[in-house]
Amino acid sequence: MDFASHMPDALEEARAAARRDEVPVGAVLVGADGRVLARAGNRTRELCDPTAHAEILAIRAACAALGSQRLPGARLWVTLEPCPMCAAAISAARIAVLYYGAEDPRMGGVRHGARVFDHPQCHHRPEIIDGISAGESRILLRNFFIARRSDDMTGA
């Protein structure tokens, strides 16, 4: 199987999330055969669901499509370092490889904070490749939060 980056699609999901006034995080889940199983962007506000992160939504959709609670051999592309909740879901789903863009020193759960995959009770540890399109991911997030702060100051 030839390697293909799915980060451009994850970035498009992040941009779509921003247009919905969601934190711009996007994810694309690819099966062991290289076929895209699911793509999603954050929908926590839209769904009134604190668990509706891009990674969780993509995992749920892929598992439903395959009729399985596990995704062995799958690869997940996400624009931001997953939080501890999402990292735990990635482990539970047995995703083989996690690619992510920007680091999240404040809320990350992979290289920062809880470091879920380093915990001795973690049953499955994916291969991790970080920094993919990190600059573009950071810019999307920074611009989103600058606009939010500006709106808060102007009362918009």
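The crossing of helices H3 and H4 is left-handed, and since everything I show today comes from a predicted model, please take it as a description of that model. Helix H3 covers residues 54-66 and helix H4 covers residues 84-92, and the two pack with their axes 9 Å apart, at an angle of about 25°. Because angles under 35 degrees count as roughly parallel, H3 is described as roughly parallel to H4.

Which residues make the contact between these helices? On the H3 side they are Glu 55, Ile 56 and Ile 59, while H4 brings Met 85, Cys 86, Ala 89 and Ile 90. Sorted by class, the contact of H3 with H4 holds six nonpolar residues and one charged residue, with no polar ones.

Let me move on to the strands. Strand S1, residues 26-30, runs antiparallel to strand S2, residues 36-41, and five bridges join them.

Finally, the salt bridges: how many does the structure hold? There are twelve, and one of them joins Arg 39 to Glu 13, where the closest N and O atoms are 2.8 Å apart. Arg 39 belongs to strand S2, whereas Glu 13 sits in helix H1, residues 7-19, so this pair ties together parts that are 26 residues apart in sequence.

Note on methods. Residues numbered from 1 in each chain as written. Predicted model: local features only at pLDDT ≥ 70, side-chain atom pairs only at ≥ 80, totals over all residues. Heavy atoms only, no water. Axes fitted to C-alpha atoms, helices over the stretch in contact; angles between N-to-C directions. Helix = DSSP H or I, 4+ residues; strand = E, 2+ residues; numbered from the N terminus. Parallel < 35°, antiparallel > 145°, perpendicular 65-115°, else oblique. Left-handed = near helix turned anticlockwise from the far one by under 90°. Contact = heavy atoms within 4.5 Å. Nonpolar A, V, L, I, M, F, W, Y, C, P; charged D, E, K, R; others polar. Pairing = 2+ DSSP bridges. Salt bridge = Lys/Arg side-chain N within 4 Å of Asp/Glu carboxyl O.
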